[in-house]
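Colleague: I have a model open on my screen and I'd like to learn how to read it. Could you walk me through it, feature by feature?

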Amino acid sequence: MTSLDHRVIQCVVATGRLDVFQRLGVSVDWFQDAAAKAAWVAVQEYAEAQRADVVPSRDYLVERGAVIPGEWQADCTPEQLAEALTVARHKQLNARILHDFATANGSDPERAVREMLEQISTPEYEGLRTRGRETTFKALAPQIYDEYVASSSSGGVLGVETPFPALTYTTKGWQRGNLYCLYAPQKSMKSFVMLLFGLHAWRTRPTENVLFVTSEMPSEELTVRLACMMHGWNFNHWRDRELPRGTVAKILATDLDERWHWYQPSGQGLQALSEVRARISALNMRGGVSLVVWDGHYRSAASEEWEDVYSLVRHTRMMALEHAIHRPAVIISAQEGSQRGKVSHKAYTREASLMMFQEKISSDRLVMRTTAVREGPSLEMDIAVSWSTSSFVEDMPKIEGVSADEGAVKGGW
């Protein structure tokens, strides 16, 4: 497997995107491979001689004796590769700081602490540790204009489409950087609908990954539900063992192009969040993440007390805003209340861009309504459930300020 150092050099030469790495302050010290170090020096000297962030040709590197073998495999963006290099550099510096601290601590503990504090206060280390973002109106204007033009034909749908046309109309799709919450009483089919959210993203974004985090139900059980929904099988026939063995065997043959990923955090609170963030970073190196779905999110809090649940919610919201992991859209589910008092879903209201309440009316019908909307009209709709095909379809949507006739024209509902 090609090393990260080599991939960076291959990326810069093939794409010309030296600016992505220059903005991070990447220097020769960031590389551990000798050939990559030599190539980076040659690239930097060439760019300085040209007085621009242009890159040399492969022939130039050959003449400098600094060529990196192999071709650039464009399985990630330069930005995603730069993030991986940043993490590697952070690890490198941490290892060096800890080594120096351990060495000095044996003879002079006070000096060890003083030197460690100096090392973690350097501009480079602060730059790695601080992940804030500064920009200007002028810098954002061209991007916003391009997005406006690109989404004009879809009525402003910028984000990942939802499985329900009326919900897509009201939200304009699951937007990057936003946090959404689906809450419901116990046994109201939340997990099925959360699976549907992820499945629709998987189908409509064919090059990106879906990360389904489960803090409530084993991934083995979720896999069966997902397979039934994918293939239109009767879920009750599965439960009663009435499906033919050949049909069941298709579960093992369905890999979803390795773009569907289950993850169950081993820790709670900020530890769980750190684990999920690490998985998003890893998947960004493999095509990006279209949607993060976190089922039973509140169960990963340190406790069911308000402070602990809200702390996890707030930090999850901050994670969704992180440009370092490309601001993934995040949907989380919670119960209406909890065993120790009705705090779980209420802890989400302040941070979520959209709160969706789901109620089970009968075995074949749900009601979903948006109860807290940060932007866009509110929505109430039925969801028709067919267990013969394991399908969930919107029915009779009512959108705030939109008549039935207008809905038929705009969205077909």
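**Two helices in contact**

Modeller: Let's begin with a helix pair: in H1, Leu 4, Asp 5, Arg 7, Val 8, Cys 11 and Thr 15 meet Pro 78, Leu 81, Ala 84, Leu 85 and Ala 88 of H5. By type, the residues of this contact are eight nonpolar, one polar and two charged. Keep in mind that this is a predicted model.

Colleague: At what angle do the axes of H1 and H5 cross?

Modeller: Helix H1 (residues 4–15) and helix H5 (residues 78–105) cross at roughly 150°, and their axes come within 10 Å. Angles over 145 degrees count as roughly antiparallel, so H1 is roughly antiparallel to H5. As for handedness, the crossing of H1 and H5 is left-handed.

Colleague: What does a pair look like at an angle of about 20°?

Modeller: Take H14 and helix H15 (residues 306–320), which pack at that angle of about 20° with their axes 10 Å apart. These two are therefore roughly parallel to each other, and H14 passes H15 in a right-handed crossing. On the H14 side you'll find Leu 270, Leu 273, Val 276, Arg 277 and Ile 280, which meet Leu 312, His 315, Thr 316 and Met 319 in H15. That contact divides into six nonpolar, two polar and one charged residue.

Colleague: And which strands does H14 lie across?

Modeller: H14 (residues 270–284) lies across S2, S3 and S4, and runs at about 155° to S4.

**The sheet**

Colleague: Then on to the sheet. In what order do the strands come?

Modeller: Read across the open sheet, and the nine strands go S3-S2-S4-S5-S1-S6-S7-S8-S9, with mixed pairing. At the edges stand S3 and strand S9 (391–399), each with a single partner strand, so one side of each has no neighbour in the sheet. From one strand to the next, the twist averages 20°.

Colleague: Which strands does S2 pair with?

Modeller: One partner is strand S4 (residues 289–295), parallel to S2 over six bridges, and there Val 213 stands opposite Trp 294. Strand S3 (residues 260–263) is also parallel to S2, joined by four bridges, with Leu 211 opposite His 261. Elsewhere in the sheet, strand S1 (residues 179–184) and strand S5 (residues 330–335) make a parallel pair over six bridges, in which Tyr 183 stands opposite Ala 334 of S5.

Colleague: How do I tell which way the side chains of a strand point?

Modeller: In a regular strand, side chains alternate between the two faces of the sheet. In S2, Asn 209, Leu 211 and Val 213 point one way, while Val 210, Phe 212 and Thr 214 point the other.

Colleague: Are those S2 residues buried or exposed?

Modeller: Buried, on both sides of the strand. Buried here means under 20% relative accessible area. Six of the six residues of S2 (residues 209–214) pass, so the strand is largely enclosed by the rest of the structure.

**The whole chain**

Colleague: Zooming out, how many helices and strands are there in the chain?

Modeller: The protein chain has 17 helices and nine strands. Its C-alpha trace spans about 70 × 55 × 50 Å along the principal axes, and buried residues make up 46% of the 413 residues.

Colleague: What share of the contacts links residues 24 or more positions apart?

Modeller: Among contacts with a separation of 6 or more, such pairs account for 65%.

Conventions
Residues are numbered from 1 along each chain as its sequence is written. This is a predicted model: local features need pLDDT of at least 70, side-chain atom pairs count only at pLDDT 80 or more; totals for chains, interfaces and linings use all residues. Side-chain values use heavy atoms; hydrogens and water are left out. Buried means under 20% relative accessible area, exposed over 50%, partly exposed in between (1.4 Å probe, protein chains only). Two strands pair if DSSP finds at least two bridges between them. Axes are lines fitted to C-alpha atoms, for helices over the stretch in contact, and angles run from 0 to 180 degrees between N-to-C directions. Contact means heavy atoms within 4.5 Å. Angles under 35 degrees count as roughly parallel, over 145 as roughly antiparallel, 65 to 115 as roughly perpendicular and the rest as oblique. A crossing is left-handed if the near helix is turned anticlockwise from the far one by less than a right angle, and right-handed if clockwise. Ala, Val, Leu, Ile, Met, Phe, Trp, Tyr, Cys and Pro count as nonpolar, Asp, Glu, Lys and Arg as charged, and the others, Gly among them, as polar.
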